[in-house]
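Colleague: I am new to this structure. Please take a close look at one chain and how it is built.

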Amino acid sequence: MEGQTIRAFTSESVAAALVASGERVLSRSLKYHRPRTFFCMEGHCGGCLARIDGVPNLRACQTPCTTGTTIEGQNAYPSPEIDLFGAVDFLFPRGMDHHTLMTGSSILNNLASKVVRQLSGLGKLPATESHELPAVQLERVDVCVIGGGPAGLAAATAAASSGASTLLVDDQLRLGGSLLADPRLGVAVADARVAAAMAAGVRALPRSTAIAFFPEDAPEDGGVLAVATPDHLVRVVARRWVWATGGYAVNLLFADNDRPGVLAARGVGRMLVQHGIAAGERICVVVGKGMDDYANALAEALRGARVDVTTTSADQVERARGRSWVTAVELTSRRRLDCDVVAVAAMPAPASEGPRQQGCRTVLDPARGGFRVIVDRDGRTSTPDVFACGDVCGYVGPMAAATVGARVGGAAAEEALALARELGPIATTAARRGA
Amino acid sequence: MGSKIVVCRCEDVTRADLEHSVARGYRDIEEVKRYTGFGTGPCQGKECLAVVATALAEITGEDPSFIAPFTSRPPLAPTPIKLLARDPAAHRFPDDPAEPVAAASEEET
């Protein structure tokens, strides 16, 4: 990768440009120095960390390309493709329990600790110091919707349409969420729904992540949601919260499932639908439980883009083959499916850690993807004032998420507006705090 | 390369590590997190929490609905610390400097 120049569109992410240009391994893993690269393409997996323009640990899939952007691999010597420390993986084929590593002798143990400290850690410090400390902004709204996918767009549109001041927080480069990764829906549908939300009066904060909820901070307002934009922090106070954070792309369990080239099916779909890029020439789609509809739609769309596609069910997969990039999937029957990308269609895991910080009850439901938020019909969680809708309440897919989102957004707005009639508009009811 | 089933890509935790942890008596999700380090990397469990919890239910035979998630802590995504430096909540304790620490070095330059 280093020393090469690649061409890219300024609207696309660094990761998309790397996929399109055939550049691949970005770093090495912490312990065994196994090769690492993008997996989810949605800024959630931590696989595509790279040093971009001198700043370490940036997510390549959430960093837009600009002219003259420099991209460097990290955590590898001499390069992510050929990393000498990869030897650790060979030396500990059955894994390494660092609790008991060389604990027999104190001298050896000290030595081992020193070596491990040198080898571990992520990236090196930024090239330049940061002297500008951005001011913190304050937002007060009736309804704050977190997540700009099918559920969140529908919820925000419904809330704003009924007259509630509505803020939509979304962490991606472009609003639309899973609509932009689904060949049955796609960019035109996403753009139309975003336009409808804007027309209804929704204010959107794109590229902004809800990083924490602090109930003890401004308790008279019911707590503060900290939202990180690319260049400053926003403290959000809202009368009602709607979590529509969807689900995270996860992996399936087979040997060497972390091999670069094993990508989330939704990431492959996002490449195709949002960026018009075929992630590979021969793609093997591995279909997990409950994901047949999406996997079939993706396979068909990939074939339409002249990709050689094979599909196999997850329980038939034994291992991935290949060294720094996948070359085949080996089945339990010993059959080999040659490929240059494996698209893993596992059920997305509900992105419920934000609601959990607000105290919402969740339950582990493997058939719905993971820890789903428990809600009633109108999306009320176990915490007063907090609603949730879409895949964060258990996987339902983008069509059903939009339907339920509209209902939940309406219910949240109704409660917020009832409070406004009682106490007055949100923007003037409490003393302004913040910067 | 040694063949491994990876459950947490950030911290290189394998399915065998989970079995090893359970065999040593660390079965609860918070214990397994502390013993193996799963969920403590850059993704903070986004990719692995549900996968590990489901695998633990299989290994221990426990009813999944009895398995609680680990505590969700801020920040929920990698965040440059400078964004937090001027948050008023960061300076509300009496012993804290009124101005961010970096202000001193700003004056020198």
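Modeller: A residue is buried if 20 or more other C-beta atoms lie within 10 Å of its own, exposed if 12 or fewer, and partly exposed in between, with C-beta atoms placed from the backbone. Buried residues make up 52% of the 435 residues in chain A. This is a predicted model, where local features need pLDDT of at least 70, side-chain atom pairs count only at pLDDT 80 or more, and totals for chains, interfaces and linings use all residues. Residues are numbered from 1 along each chain as its sequence is written, while chains are lettered from A and ligands numbered from 1 in the order in which they are written.

Chain A has ten helices and 23 strands. These are DSSP runs, numbered from the N terminus: helices are H or I with at least four residues, strands E with at least two. The radius of gyration of chain A, taken over C-alpha atoms, is 23 Å.

Now the domains. Their bounds come from an automatic or database domain assignment. Chain A is divided into domain 1 (14-119), domain 2 (137-248 + 365-429) and domain 3 (262-345). The centres of domains 2 and 3 of chain A, taken over C-alpha atoms, are 32 Å apart. Nine residues of domain 2 of chain A are in contact (C-beta atoms, placed from the backbone, within 7 Å) with ten residues of domain 3 of chain A.

Last, the partner. 61 residues of chain A are in contact with 49 residues of chain B. The largest share of that side of chain A, five residues, comes from S9(A).

Terms used
Contact = placed C-beta atoms within 7 Å. Rg over C-alpha atoms; globule rule 2.2 N^0.38 Å.
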